Amino acid sequence: MEQVFVVNHPLVQHKLTQCRRVETETWQFRGLVEEITALLLYEAVRDLKMVDTDLITPVGKGRGKIIDRAEPVFVAVLRAGLGMVPGALRLFPYARFGHIGLYRDHDTLVPVEYYCNLPPNIESVDCFLLEPMLATGGSASHALTLLRNAGVNNVRILSLIAAPEGVKAILKEHPDVKIYLASIDKKLNAKAYIVPGLGDAGDRLFGTD
Ligand code: URA
């Protein structure tokens, strides 16, 4: 699984531990997800395309490198992926965002699509799927298929926690996708929650249950 990157940086692991704690409150959880996303992104954009540019400093002329304004594009899987948007915006305030709405059918656990709105002209840009929990991997896989059908060639997943089953299922359907994670946990339980995980990421982000 050479395309799966677990970011073991102390800051990521420390913040993930705080996220997991049942006593962590909604306002704290939001801030932690934002920070972890920014830290995962720091790793995930290492090979982003750069262009040379002229510049003038207070002291004189120089040359520098910048990231193309069209890059990157983020696609949040509703609703929990919304919690990762502030972290992406923190590093890329000008970025374009898409949204994919999926929910898991309670009985079959199969993802059902109810919304898909993607920015135009994203075929050749670096695209990042924001999905904090890769449980069965069904939602992320479905979202990746939608992106591929929209012509997007280069997609990476940013996620806080995955179950081994989820990673395996995604790579089976999309063998070339890169996945950036803070942790791969033990397993899924009978209700397809990640164990030990952090509970329902959407509920913890939005104060629902
Ligand atoms: N979605 C979550 O938010 N948590 C899980 O453990 C599994 C899926």
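Ring pairs link F74, F92, Y94, F97 and F128 into a cluster. The model is predicted, so local features need pLDDT of at least 70 and side-chain atom pairs count only at pLDDT 80 or more, while totals for chains, interfaces and linings use all residues. Residues are numbered from 1 along each chain as its sequence is written, and side-chain values use heavy atoms, without hydrogens and water.

Across the whole structure, 6 aromatic pairs are found (rings of Phe, Tyr and Trp, the last by its six-membered ring, with centres within 6.5 Å; planes under 30 degrees apart are stacked, over 60 edge-to-face, the rest tilted). F5 and Y180 form a stacked pair, 4.7 Å centre to centre with 15 degrees between the planes. Because F5 lies in strand β1 (residues 4-6) and Y180 in strand β10 (residues 178-184), this pair ties together parts 175 residues apart in sequence. The rings of Y103 and Y114 are tilted, at 35 degrees, with centres 6.1 Å apart; Y103 belongs to strand β5 (residues 96-104) and Y114 to strand β6 (residues 111-117). Strands are DSSP runs (E, at least two residues), and helices are runs of H or I with at least four, numbered from the N terminus.

Accessibility is classed as buried (under 20% relative accessible area), exposed (over 50%) or partly exposed (in between), with a 1.4 Å probe and protein chains only.

| Residue | Relative accessible area | Class |
|---|---|---|
| F5 | 31% | partly exposed |
| Y180 | 7% | buried |
| Y103 | 44% | partly exposed |
| Y114 | 46% | partly exposed |
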